[in-house]
Amino acid sequence: KEGKTLESIDKSLAAARAALDKKAKDILILDLQGLTTIADYFVICSGQSTTQVKAIQEQIVAKMKEAGISPRGVEG
């Protein structure tokens, strides 16, 4: 389980870094371990315009795909 947890936090941090690359604000990583079977961590951030939010979303998806990870869902 520890290896899975480290892998999960690494993925969360990678998503947060990708958001930061596009100047996301208020980046928050929520630890959901033991609360749901859907995810171990949840990354939330905001942008200052619809265009910026779209760019953040596209950056996160692109970086995750580079790492071989496909998102199950995207909001924003």
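Glu-7 is partly exposed, with a relative accessible area of 45%. In this predicted model, Glu-7 takes part in one of the 2 salt bridges that the structure holds. The mean pLDDT of the protein is 89, and 91% of its residues reach 70 or more.

**Confidence by element**

- Helix α1, residues 2-21, has the lowest confidence in the protein, at a mean of 86.
- Confidence is highest in β1, at 96.

**Salt bridges**

- Glu-7 pairs with Lys-11 in a salt bridge whose closest N and O atoms are 3.0 Å apart.
- Because Glu-7 and Lys-11 are 4 residues apart in helix α1, about one helical turn separates them.
- Lys-11 has a relative accessible area of 34% and is partly exposed.
- Lys-54 forms a salt bridge with Glu-58, and here the closest N and O atoms are 3.9 Å apart.
- Lys-54 and Glu-58 both belong to helix α2 and are 4 residues apart, about one turn of the helix.
- Lys-54 is partly exposed at 43% relative accessibility, and Glu-58 is partly exposed with a relative accessible area of 44%.

**Nonpolar core**

- The largest nonpolar core has 7 residues, namely Ala-15, Ala-18, Ala-19, Ala-24, Ile-56, Ile-60 and Met-64.
- Helices α1 and α2 each supply at least two residues of this core.
- Leaving aside residues up to four places away in sequence, Ala-15 touches Val-43, Ile-60 and Met-64.

- Gln-57 lies in helix α2, which spans residues 50-66.
- Gln-57 has a relative accessible area of 19%; it is therefore buried, as the cut-off is under 20%.
- Gln-57 and Glu-7 are 50 residues apart in sequence, and their C-alpha atoms are 21 Å apart in space.
- Gln-59 is also found in helix α2, and at 17% relative accessibility Gln-59 counts as buried.
- Gln-59 is in contact with Ala-18, Asp-21 and Lys-22, not counting residues up to four places away in sequence.

**Nonpolar surface patch**

- Leu-28, Leu-30, Phe-42 and Ile-44 make a nonpolar surface patch of about 330 Å².
- The elements that give two or more residues to this patch are β1 (25-31) and β2 (41-46).
- Phe-42 lies in strand β2.

Key
Residues numbered from 1 in each chain as written. Predicted model: local features only at pLDDT ≥ 70, side-chain atom pairs only at ≥ 80, totals over all residues. Heavy atoms only, no water. Patch = residues over 30% accessible without salt bridge, like charges linked within 9 Å, V, L, I, M, F, W, Y side chains within 5 Å. Areas by Shrake-Rupley, 256 points an atom, 1.4 Å probe, with all protein chains shown as cover. Salt bridge = Lys/Arg side-chain N within 4 Å of Asp/Glu carboxyl O. pLDDT = per-residue confidence, 0-100. Buried < 20%, exposed > 50% of the residue type's maximum accessible area, 1.4 Å probe, protein only. Contact = heavy atoms within 4.5 Å. Core = buried A, V, L, I, M, F, W, Y, C linked by side-chain atoms within 4.5 Å.
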